[in-house]
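Student: Could we go through the ligand site of this model together? I would like to begin with the residues that surround the ligand.

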Amino acid sequence: MNKRVILITGTPCTGKTTTAKQLTAQLHAAYINLTEYAQTHGLIVGEDKERKTTIIDEEKMKNKLSEAISQIDSPNVIVDGHYATAVVPPTLATHVFVLRRNPKELKQFMQKCGFEGAKLWENLSAEILDICLSEAISVHSGRVCELDVTGKKVEEVVNEILDVLERGKKCYAGYVDWLGMLEREGLTDQYLKA
Ligand SMILES: Nc1ncnc2c1ncn2[C@@H]1O[C@H](COP(=O)(O)OP(=O)(O)OP(=O)(O)O)[C@@H](O)[C@H]1O
Ligand SMILES: [Mg+2]
């Protein structure tokens, strides 16, 4: 079986889970949420108190996930998480979608998600500095699609992904430039604080 293994990644709170779940429903796919997977498979090895995040045993997750994905008997597997590109090897992943959201909008989304203080600024900087995209390209070069989801309804985002998966639409990586946008608008210092 030619299995598609589709990674949905992006900075925290860009809309990965909302998008991935709707895509899962449309494709009748198997779905793996990495946050839940880490919890249910005992892969949390500590807590980063300063960052208020959990520390994952990435090597163990990589091994477990690879085995799990290989055994899934479904033509479509969707993996949702901001470190998906680090734990699903390029030999398995067939498509990588990196969700991008304008930092002006993302800041509001993050506040709604409950981020505040250092964690908010750190995650916002990660989006402005293309961290998720760079990580994706460094490992999965050639199969990375960058999607600017700013102001789009979930249905629109899912449709753009289906355009690529089902309707042969070409996609690109490297066209979003939040830093350039902020610099042009004189807003860099207001948004890039970490
Ligand atoms: N296209 C959209 N339009 C409006 N709101 C959205 C959209 N996508 C997601 N949201 C909202 O944004 C918030 C974050 O979405 P979601 O939980 O899917 O993000 P995430 O990237 O999975 O976050 P995390 O990295 O923390 O898992 C939620 O409140 C969700 O309802
Ligand atoms: Mg999520």
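Student: By class, what is in the shell around ligand 1?
Tutor: In this predicted model, the shell around ligand 1 has 5 nonpolar, 4 polar and 5 charged residues.

Student: Which residues are the closest to ligand 1?
Tutor: The closest are G15, K16, T17, T18 and K152, out of 14 residues that surround ligand 1.

Student: What about the backbone? How far is an oxygen atom of ligand 1 from a polar backbone atom of G15?
Tutor: That distance is 3.0 Å. For C13, a polar backbone atom also lies 3.0 Å from an oxygen atom of ligand 1, and for T14 the corresponding distance is 3.3 Å.

Student: How much of ligand 1 does the protein bury?
Tutor: Taken alone, ligand 1 exposes 630 Å², and the protein buries 68% of that.

Student: Changing topic to pockets: which pocket is the space taken by ligand 1?
Tutor: Ligand 1 takes up space that is the largest pocket. The volume of this pocket is about 1100 Å³.

Student: Which lining residues lie nearest its centre?
Tutor: P12, T53, H82, Y83 and N123 do, from a lining of 35 residues. By class, that lining has 15 nonpolar, 12 polar and 8 charged residues.

Student: Which elements supply at least two residues of the lining?
Tutor: The helices are α1, α2 (34-40), α5, α6 (117-128) and α7 (131-140), and the strand β4 (53-56) also supplies at least two.

Technical notes. Residues are numbered from 1 along each chain as its sequence is written. Chains are lettered from A and ligands numbered from 1 in the order in which they are written. This is a predicted model: local features need pLDDT of at least 70, side-chain atom pairs count only at pLDDT 80 or more; totals for chains, interfaces and linings use all residues. Side-chain values use heavy atoms; hydrogens and water are left out. A residue is near a molecule or strand if one of its heavy atoms lies within 4 Å of it. A polar contact is a pair of N or O atoms within 3.5 Å; within protein, one must be able to donate a hydrogen and the other to accept it, and residues adjacent in sequence count only if both atoms are side-chain atoms. Accessible areas come from the Shrake-Rupley method with a 1.4 Å probe; for residues, only the protein chains shown count as cover. On a 1 Å grid over the protein atoms alone, a cavity is a set of points where a 1.4 Å probe fits but cannot get out, and a pocket is an open set with protein on both sides within 12 Å along at least five of seven lines; lining residues have an atom within 4 Å of a point. A molecule sits in a cavity or pocket if more than half of its atoms lie within 2 Å of its grid points. Ala, Val, Leu, Ile, Met, Phe, Trp, Tyr, Cys and Pro count as nonpolar, Asp, Glu, Lys and Arg as charged, and the others, Gly among them, as polar. Grid points are joined across faces, edges and corners, and a volume is the space filled by probe spheres set on the points. Helices (H or I, at least four residues) and strands (E, at least two) are DSSP runs, numbered from the N terminus.
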